[in-house]
Amino acid sequence: MAAFLETTEITQDTLKEEIHRLIDAGYRLETMTCVDLDENNVDLLYHFTKDLQLVHLRMKQPKAENAPSISDVVFAAFLVENEIQDQFGLCFEGLVLNFSNFLYLEEEVATTPFCKYGITRKES
Amino acid sequence: MAKTVIPFGPQHPVLPEPIHLSLTVEDEIVTEAIPALGYVHRGLEKLCDIRDIHHMIQIVERVCGICSKIHAMCYCQGIEEMMGVEVPDRAQYLRVIWSELHRVHSHLLWLGLFADAFGFESLFYQFWRIRERVMDINEATTGNRVIVSVNVIGGVRRDLTPDQIRWILSELDIVERETRELESTILDDYTVRKRTVGKGMLTRDQALALGAVGPTLRGSGVKEDARQLGYAAFKDLDFEPIVEQDGDSYARNRVRFRETLQSINLVRQALRKLPEGEIATKVKGFPEGEHTSRVEQPRGELFYYFKADGTKHLDRLRIRTPTFANIPPLAAMLPGIELADVPVVVLSIDPCISCTER
């Protein structure tokens, strides 16, 4: 028996629109999850909650491209986006408080510790 | 007025948590607080690559010692739901009993630390003295005081005897009586009020917008507690979230004090209703698919995300702990307060940084 997570598929183009729709409907950010898919892509999951009910957005994100930050709309996202930058080597564009890959990591660390398919960390 | 940047932490006499805050201060008033983490990151989520789903229980228990039982419950619950495992009723009640005992000792620990933060040493000792009785219950019923390790996928590994139940009930009477004896001090004392009332304000709208959880959220007037989801045996117990309206450090203090007494009551309810039967179901196979699991820790709502592919290892395990959610609200609480109040306000969210970094 396989468990199934009901998610709404979104793209970089529709991300902000979906976030605004959820915020307007009274939802708040529970957290985000980054899942390593293959050598080139990760899944970014956005978990929102309202009255303890969860909804999930799913965005496929190429590792080589910058992901749009939602921290300008949802400030609470800044910490988890910085964490994903450290662990998966992704870069978020427009992060309101950007630790530039050094939230947890030291400068001499050049790998992306949470990627099964490692990539070299790049400047954000 | 000249601005000064003052480093607060990662080591501080009243804050035994390795977080650093860069505080911009003008005339002794904090105008900006930038948090910095990274002192205790252990990469525990990543261990799911090399530890199987059963070994991961011991790993998640080490995300946080104080909430170890509740981490394990959240993890096991998620795996059980993915695999369609039916957990026996007695095990569900036992999970509630040990998790609420954890909440009692966590809140008593925090109440002591909070008293210590504003220099009330004798009150600190009193709360920690009472807490020892709960730690003794943990030790007598599980073999360990802090990391009790009673959860397994499918149930629990220990049972309670009728003698132990009677003893726990009598100990809880003492814990409740002695905690109530300190009520007027921790809630009404001049020093406590002077240091906490109106300090570290977080309005209801800010709490919601910034994603606050637990007593930090409920202290700002939001009636939300993951125990309302009715997981384990909570669906069968009389439970209403504790809410305070003022959104300051004092309100968060009141929530935790009242929750301590509420948890004692929940343990009593669960012990009195404890059904007979098995304490675990045998589990075969491995989970597959994606799932989430949530429970209420002493510090707030805990969130687990699982991705599994039917092998003995999880593909991805994501843990969002309550302090992780409460750091953005903390950054909003600090501007506007006096520098001297920073330790008290930081402690008012009950920070656990090793949880946050995992």
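Hello everyone, and thanks for coming.

This is a predicted model, so local features need pLDDT of at least 70, side-chain atom pairs count only at pLDDT 80 or more, and totals for chains, interfaces and linings use all residues. Residues are numbered from 1 along each chain as its sequence is written, chains are lettered from A and ligands numbered from 1 in the order in which they are written, and side-chain values use heavy atoms, with hydrogens and water left out.

Let's begin with the cysteines in chain B. UniProt, in an unreviewed entry, gives a "binding site" at Cys64(B), Cys67(B) and Cys352(B); its positions are in the numbering used here, feature names are shortened, and annotations may be inferred rather than shown by experiment. These three span 289 residues in sequence, yet no two of their C-alpha atoms are more than 10.1 Å apart, so they gather at one spot.

Where is Cys64(B) in the chain? Cys64(B) sits in the loop between H1 and H2 of chain B; helices here are DSSP runs of H or I with at least four residues, strands are E runs of at least two, and both are numbered from the N terminus. Cys64(B) is buried, at 2% relative accessibility, where buried means under 20% relative accessible area, exposed over 50%, and partly exposed in between, with a 1.4 Å probe and protein chains only. Setting aside neighbours within four places in sequence, Cys64(B) is in contact with His71(B), Arg299(B), Cys352(B) and Cys355(B).

Cys352(B) belongs to the loop between helix H12 (342-348) and helix H13 (353-357) of chain B. Its relative accessible area is 5%, so Cys352(B) is buried. Not counting residues up to four places away in sequence, Cys352(B) touches Glu17(B), Cys64(B), Arg299(B) and Thr323(B).

Now a second pairing from the record. The UniProt "binding site" annotation, again from an unreviewed entry, covers Cys67(B) and Cys355(B). Although spread over 289 residues of sequence, they cluster in space, with a largest C-alpha distance of 9.3 Å. Cys67(B) is in the loop between H1 and H2 of chain B, and is buried at 0% relative accessibility. Beyond its neighbours within four places in sequence, Cys67(B) contacts His102(B), Gln297(B), Pro298(B) and Arg299(B). Cys355(B) lies in helix H13 of chain B and is buried, with a relative accessible area of 1%. With neighbours within four places in sequence left aside, Cys355(B) is in contact with Arg42(B), Val63(B), Cys64(B), His71(B) and Thr321(B).

On to another annotated pair. For "binding site", UniProt's unreviewed entry lists Glu45(B) and Ile319(B). They span 275 residues in sequence, yet no two of their C-alpha atoms are more than 7.1 Å apart, so they gather at one spot. Glu45(B) is found in the loop between strand S3 (29-36) and helix H1 (55-61) of chain B, and Ile319(B) is in strand S8 (residues 314-320) of chain B.

Buried or exposed, then, for Glu45(B)? Glu45(B) is buried, with a relative accessible area of 2%, and Ile319(B) also counts as buried, at 1% relative accessibility. Leaving aside neighbours within four places in sequence, the contacts of Glu45(B) include Phe114(A), Arg316(B) and Ile319(B).

Finally, the helices. Two packed helices are described by the angle between their axes and the distance between the axes. Helix H4 (residues 121-142) and helix H5 (residues 162-181) of chain B pack at an angle of about 165°, with their axes 9 Å apart; axes are lines fitted to C-alpha atoms, for helices over the stretch in contact, and angles run from 0 to 180 degrees between N-to-C directions. H4(B) and H5(B) are therefore roughly antiparallel to each other, a term for angles over 145 degrees, with under 35 roughly parallel, 65 to 115 roughly perpendicular and the rest oblique. Among the residues meeting across this pair are Ile130(B) and Ile137(B) in H4(B), and Trp167(B) and Ile174(B) in H5(B).

The axes of H3(B) and helix H10 (residues 249-273) of chain B come within 9 Å and cross at roughly 150°, and H3(B) and H10(B) are therefore roughly antiparallel as well. That's my tour; I'm happy to take questions.

Note on methods. Contact means heavy atoms within 4.5 Å.
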